[in-house]
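Open the model and keep the sequence beside it. We will read it feature by feature.

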Amino acid sequence: MAAVTRASDRLDELLRRNARDLLAYLERRIGPDEATDALSEVMTTAWRRVAVVPDDGLQARLWLFVVARNVVANARRGQRRRSLLVLRVQNAGQAGGATAPHADDGLEVRDAVARLDEDLAEVVRLVHWEGFTLAEVAQVLDTPATTVRSRYARAKQELRAALSASEVLVADF
């Protein structure tokens, strides 16, 4: 029980000494509106993982900042997902009262896209199914725009080849 109390006291002091610096770090990365919630998450993680917090003061401080960095990464991923959802809803609203296509419409294309490498397929889906520009796709995927453009070009080339091959097969029947 004494060891738990010592660890608890040590963590309490560590958090008290570093809370301002952690909050400033979080504010600079995700803004003041979300920083206090993120700091709470850092502290909660520290309390849950008190057994692995380093004993050395400097190492413990660095450990807290690693936790804060992970919280920032999670917050950014959540923001990207929310932004993507908003765009999807907006695009669906712009479609208006469009009726759903028949289940077999575009089956060859969907199959060809499914056979692509996952990175290429995701670019195609985001451009053609979600209506994003290549620049927006780069933001959604957190990938350089040049990489997205080359993936899109390669995907189109592979799809063209796959679809022309399937048309030849269909024509033979």
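Q: What is the mean pLDDT of the chain?
A: pLDDT is the predictor's confidence in each residue, from 0 to 100. Here the chain has a mean of 84. In all, 85% of its residues reach 70 or more.

Q: Which elements have the lowest and the highest mean pLDDT?
A: Helix H7 (residues 145–172) has the lowest, at 81. Helix H2 (residues 32–48) has the highest, at 95.

Q: Where does pLDDT stay under 50?
A: Start with the general idea. Where pLDDT is low, the predicted coordinates should not be read in detail. In this chain the stretch is residues 168–173. For that stretch the model has zero contacts beyond four places in sequence; contact means heavy atoms within 4.5 Å.

Q: How many helices and strands does the chain have?
A: Helices (H or I, at least four residues) and strands (E, at least two) are DSSP runs, numbered from the N terminus. This chain has seven helices and zero strands. From the N terminus on, the order is α-α-α-α-α-α-α.

Q: How many of the residues count as buried?
A: Buried means under 20% relative accessible area, exposed means over 50%, and partly exposed lies in between (1.4 Å probe, protein chains only). Of the 173 residues, 27% count as buried.

Q: Is alanine 46 buried or exposed?
A: Alanine 46 is buried, because its relative accessible area is 0%. Look for alanine 46 in helix H2. Leave out residues up to four places away in sequence, and alanine 46 touches Leu11, Leu15, Val53, Trp63 and Leu64. Alanine 46 and tryptophan 63 are 17 residues apart in sequence. Their C-alpha atoms are 9.1 Å apart in space.

Q: Which residues does threonine 45 contact?
A: Threonine 45 is also a residue of helix H2. Its contacts are Trp63 and Val67, leaving aside neighbours within four places in sequence. Threonine 45 counts as buried, because its relative accessibility is 13%.

Q: How many aromatic pairs does the structure hold?
A: A pair of aromatic rings is described by the distance of the centres and the angle of the planes. Rings of Phe, Tyr and Trp (its six-membered ring) pair if their centres lie within 6.5 Å; planes under 30 degrees apart count as stacked, over 60 as edge-to-face and the rest as tilted. The structure holds one such pair. Tyrosine 25 and phenylalanine 65 form it, edge-to-face, with 5.4 Å centre to centre and 85 degrees between the planes. Tyrosine 25 lies in helix H1 (residues 2–30) and phenylalanine 65 in helix H3 (residues 57–95), so the pair ties together parts 40 residues apart in sequence. Tyrosine 25 counts as buried at 12% relative accessibility. Phenylalanine 65 is buried too, with 18%.

Q: At what angle do the axes of helix H4 and helix H5 cross?
A: Two packed helices are described by the angle between their axes and the distance between the axes. Axes are lines fitted to C-alpha atoms, for helices over the stretch in contact, and angles run from 0 to 180 degrees between N-to-C directions. The axes of H4 (residues 107–115) and H5 (residues 118–129) cross at roughly 145 degrees and come within 8 Å.

Q: Which residues meet there?
A: Arg110, Val113 and Ala114 in H4 meet Ala121, Val124, Arg125 and Trp129 in H5. They divide into five nonpolar, no polar and two charged. Ala, Val, Leu, Ile, Met, Phe, Trp, Tyr, Cys and Pro count as nonpolar, Asp, Glu, Lys and Arg as charged, and the others, Gly among them, as polar.

Q: What does arginine 80 touch?
A: Arginine 80 is in helix H3. It touches Gln139, Val140 and Asp142, not counting residues up to four places away in sequence. The C-alpha atoms of arginine 80 and valine 140 are separated by 6.6 Å, though the two are 60 residues apart along the chain. Arginine 80 is partly exposed, at 33% relative accessible area.

How values were computed
Residues are numbered from 1 along each chain as its sequence is written. This is a predicted model: local features need pLDDT of at least 70, side-chain atom pairs count only at pLDDT 80 or more; totals for chains, interfaces and linings use all residues. Side-chain values use heavy atoms; hydrogens and water are left out.
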